[in-house]
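Hi,

Here is the structure I promised to pass on. Please open it first, then read my notes below.

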Amino acid sequence: MSEQAESRGRTHRLALLYAVAACLVGVAVAMRAGERPDVAALITFTVLVVVAENLGVVLPSEVGVSPAFMVVMAAIAAFHSAPVLGACVVGASAGLSIQVFRQRRYATLVINIAQYLLAAAAASVTYEGLASVPTLGRVLVTGVVFGAVNVALILPAVVLEYDERPAAVWADMRPALPNYLAFGLVGTLIGSLYSSLGAIAVVLLLTPVVIARATFWSFLQLVEAHEATIRVFLRAIEAKDTYTARHTQRVCKYSLYIGEQMGFSHDRLAHLRRAALMHDIGKLAVPKHLLNKPGKLTDDEFARVQRHAHVCVEILDIVDFLKPMTAAAAGHHARYDGGGYGGTGERPLEAYIVAVADAFDAMTSTRSYRKALAMEVAFEELLAKSGSQFHPDCVAALIGALTARGERVGLGFEEDAVAFEVEPPVAGVGSAGLGDRLPDVPPAPSRSAPVAS
Amino acid sequence: MTSREVREMRLPARGAGGALVAVAAGALVLAGERHWAMLALAALVTGASLLLQVDLPWGGRVPLGHAVVIAVAVLAAPLECLGVVAGALVVVVPFRALEPGATVRSYAGEAASLALAVGAASGAHAVALLFTGAHSPLVVVGHAVLAGVAFLGVDLVLRGTVFAPTSERLRIREAWPLQLSLLCAAALLALAYDKSVTVAPIAAVPLLVTQFSFQRYSSARATYEQTTQALSLLPEVAGLTPLGHGERTALYAARLAEELGFDAAGVDRIATAARLHHIGHISLHEPEERRGPTDVREVGRVSAELLRETGFLADLADLVERVQVDASRDGPLDAALIRVCSTLDDLAEAGNVVDPFAAALHCHPEGVERSAAIALLQLHDRDPSLVDDARAASHALATLAAEHSSHDAGHVHGDACV
């Protein structure tokens with residue numbers, strides 16, 4: 001409690017400091033201006049900035065970018081008379097967030113108003129000073145100045161208010177920087193449009209942007225619904241077989257490790273995540289007693305599992321982002337050298353990633369009838385089949401990612417360890433789930449036997 | 001040809017269109033004062049921009065070029081404007097020919113509706129000129145808005161009726177945000193061009209932002225639909241419900257909901273609920289172990305529970321639950337219509353009923369269900385291909401169904417009125 005009060009006290013002192021600085025700068029700018037800023041522009045951009053600040057767009061990467069920055073940049077470029085003063089007024093208005101006000105975080109409100117004012121003043125002075133520089137350079141430098149002041153002033157405030165390490169806060173903010181540059185460019189464009197064509201041009205430009213924002217919001221809702229639907233699938237699989245559910249989540253985790261290690265984009269990682277989560281969809285159509293039967297299946301049972309697996313391929317084939325997973329669902333794995341189900345041909349990298357993650361988890365998790373392998377043994381196995389059964393880049397990425405994270409899995413580190421009545425052997429390199437129970441697959445074209453199924 | 005293949009084919013055309021726009025815009029600036037050269041380049045820009053199409057999430061496509069055409073109608077004299085559009089249509093021909101499914105008829109339809117719409121826009125502009133001759137930014141914007149409303153109105157009427165295949169018909173209720181964006185871009189283009197040719201490309205900004213957001217929404221919607229399709233197949237491949245039942249019910253329900261005046265979001269919600277109305281089977285039953293008729297209320301309750309647990313689909317869960325549980329005759333229409341459609345599918349697939357639509361009405365003789373069944377009957381009278389469409393929708397499974405008919409023979413789906 002006292003700690004919280006102390007943190008609040010520090011935030012208040014910071015707010016006071018910022019407010020004094022902002023007032024000093026504001027008065028200095030007003031005294032130097034000597035004339036009144038263009039009233040129409042002042043009203044237009046002040047209204048715009050308040051609306052924009054309160055309609056913050058949350059991008060899919062969960063990095064909030066306030067369009068207010070764009071409007072402040074527009075204002076900097078738009079004012080003909082007393083540009084710095086105009087920019088300061090618009091900048092200060094950018095801090096007027098209804099949400100913050102409602103939450104009674106008045107200190108934060110003051111900090112925001114002050115920091116936006118200071119950043120806008122600095123950026124505007126820079127913009128005026130660079131009048132002879134070509135537009136692109138001028139905008140870039142102005143944007144950087146705005147961003148630098150903005151970040152330098154916000155960072156201590158966030159650190160104080162949320163009690164986080166500066167490095168962590170900075171890591172959160174960093175991904176948004178390119179967006180700020182793009183917003184800055186568009187903002188300057190709007191500003192020059194205003195000064196050459198008038199306010200009506202800004203309205204015409206921004207109406208489609210507002211509509212696009214609404215559409216984008218629907219898009220985000222849809223993405224959320226999609227995630228929820230995938231959770232339905234996970235719940236269903238969990239109800240049926242807890243091992244498969246946890247296996248699915250681990251495969252997903254390893255797949256993301258590999259994807260991150262290989263430098264996938266945010267969108268591609270999201271896609272990989274969904275594909276990895278749903279790659280076992282076929283298990284839901286397999287009777288429970290077959291799914292959990294220890295030991296090998298009879299020919300008849302095997303035929304039934306195969307038939308279901310085949311139908312599952314058809315299911316996955318309907319979904320574009322799951323198409324790469326069809327091979328895994330058919331009870332086989334996407335072999336790197338083109339063997340196995342689906343024949344030869346280039347597969348998307350995602351298929352190989354999930355195949356490696358799947359085999360790795362199968363080896364390093366304990367089943368009711370056999371123990372997990374040690375992580376090192378699993379690594380050796382992956383490396384031995386790297387280039388034939390597994391994509392070498394994916395194997396290297398997984399090993400690299402796990403080593404870099406210092407994560408330990410496998411024998412002695414299992415998350416679902418089983419208490420055995422009779423110690424089973426530490427042997428049997430098999431795939432999780434179905435693969436364990438399938439009879440030996442007819443000899444593969446390559447010399448080495450497949451690791452999984 | 002699948003929608004994916006169509007999409008892949010369309011990409012090069014888009015790229016080519018974009019490149020053409022860029023080249024033409026550059027040349028337009030260089031051409032300066034020569035009038036004929038300007039007109040030729042305007043035709044090129046217009047043609048290229050007609051190739052840039054936005055897919056509406058609910059079907060139908062709108063070319064971004066409509067904004068350019070409206071601006072041309074305001075900036076050029078009526079005859080010049082028709083000439084520019086004619087030139088643009090020639091530019092479009094080779095790209096349209098590359099598109100799969102393109103026919104002479106569809107191209108003629110496009111050309112005719114474009115010509116008529118441009119005529120309307122030019123006419124509206126000419127009338128506006130009679131009243132306001134002065135040249136101020138506001139007047140230019142006013143003219144552009146008038147011409148744009150005339151153009152988009154005529155286009156909407158034509159493409160909503162005669163000139164488009166059913167699947168691509170535009171409806172004002174869903175198309176207006178896009179149309180409004182185009183109108184703004186057209187006015188901005190006219191305004192900017194009026195000021196200076198070099199400012200004109202600014203109009204590309206709203207167009208590109210619009211294209212980006214609509215395209216993302218459309219593709220996300222397609223992915224979501226595919227995921228729900230895959231989920232709806234789970235109880236079916238497990239042999240607990242007839243193969244393709246969810247997908248066919250969804251198609252019937254979507255058509256019926258459209259017919260009954262639900263908006264696009266409502267139709268989507270009903271189609272998704274119809275796809276997932278039997279999902280509860282997967283946690284209620286073991287595959288291949290179903291014996292005798294199921295308690296449909298239990299299926300409804302479990303289905304809804306599954307959806308509710310996800311936290312986000314609670315609204316959908318309520319609807320799914322009502323489909324099976326709340327079978328009161330004055331219950332809500334959305335649940336009733338899914339119920340009627342599910343019955344229809346059971347009857348149509350059982351194959352021992354001559355007229356499944358009449359039989360479905362017989363199954364639901366009272367209240368809102370009766371009205372839904374009657375509407376479905378009328379829909380079928382007007383569009384007898386309904387059942388074939390539904391079977392085609394679950395085509396990938398139809399082949400499998402045949403393959404596994406021996407396996408499924410043991411599962412007779414007795415509860416026809418579900």
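Helix 14 of chain B and helix 16 of chain B are oblique to each other. Keep in mind that this is a predicted model. Two packed helices are described by the angle between their axes and the distance between the axes. Here the axes of helix 14 (residues 333–350) and helix 16 (residues 367–382) of chain B cross at roughly 55° and come within 9 Å. An angle between 35 and 65 degrees counts as oblique, so roughly 55° puts the pair in that class. The crossing of helix 14 of chain B past helix 16 of chain B is right-handed.

On the helix 14 side of chain B, the contact uses Leu333(B), Ala336(B), Leu337(B), Arg339(B), Val340(B) and Leu344(B). Helix 16 of chain B answers with Val368(B), Glu369(B), Ala372(B), Ala373(B) and Leu376(B). By class, that contact has 9 nonpolar and 2 charged residues, and no polar ones.

**Chain B overall**

Chain B has 19 helices and 2 strands. Its length is 418 residues, and 48% of them are buried. Take the contacts in chain B between residues at least 6 apart in sequence: 67% of these join residues at least 24 apart.

**Where the chains meet**

How many residues of chain A are in contact with chain B? The count is 48 residues of chain A, against 56 residues of chain B. On the chain A side, helix 9 (177–197), helix 10 (199–240) and helix 14 (299–318) of chain A each give two or more residues. Helix 10 of chain A gives the most, with 28 residues. The chain A side divides into 33 nonpolar, 8 polar and 7 charged residues.

**Helix 7 of chain A**

Helix 7 of chain A covers residues 135–162. Its 28 residues should span 40 Å at 1.5 Å a residue, and the end C-alpha atoms are 39 Å apart, which agrees. Several of its residues are buried, including Val139(A), Phe146(A), Leu153(A) and Leu160(A). Asn150(A) is buried too. Just after the helix, Asp163(A) takes a positive phi of about 55°.

**One position in helix 18 of chain A**

Ala404(A) lies in helix 18 (residues 392–405) of chain A. Is Ala404(A) buried or exposed? Ala404(A) counts as exposed, because it has 10 C-beta neighbours inside 10 Å, and the cut-off for exposed is 12 or fewer. Ala404(A) and Leu234(A) are 170 residues apart in sequence. In space, their C-alpha atoms are 29 Å apart.

Best wishes

Methods:
Residues are numbered from 1 along each chain as its sequence is written. Chains are lettered from A and ligands numbered from 1 in the order in which they are written. This is a predicted model: local features need pLDDT of at least 70, side-chain atom pairs count only at pLDDT 80 or more; totals for chains, interfaces and linings use all residues. Two residues are in contact if their C-beta atoms, placed from the backbone, lie within 7 Å. Helices (H or I, at least four residues) and strands (E, at least two) are DSSP runs, numbered from the N terminus. Ala, Val, Leu, Ile, Met, Phe, Trp, Tyr, Cys and Pro count as nonpolar, Asp, Glu, Lys and Arg as charged, and the others, Gly among them, as polar. A residue is buried if 20 or more other C-beta atoms lie within 10 Å of its own, exposed if 12 or fewer, and partly exposed in between; C-beta atoms are placed from the backbone. The expected span of a helix is 1.5 Å times one less than its number of residues. Axes are lines fitted to C-alpha atoms, for helices over the stretch in contact, and angles run from 0 to 180 degrees between N-to-C directions. Angles under 35 degrees count as roughly parallel, over 145 as roughly antiparallel, 65 to 115 as roughly perpendicular and the rest as oblique. A crossing is left-handed if the near helix is turned anticlockwise from the far one by less than a right angle, and right-handed if clockwise.
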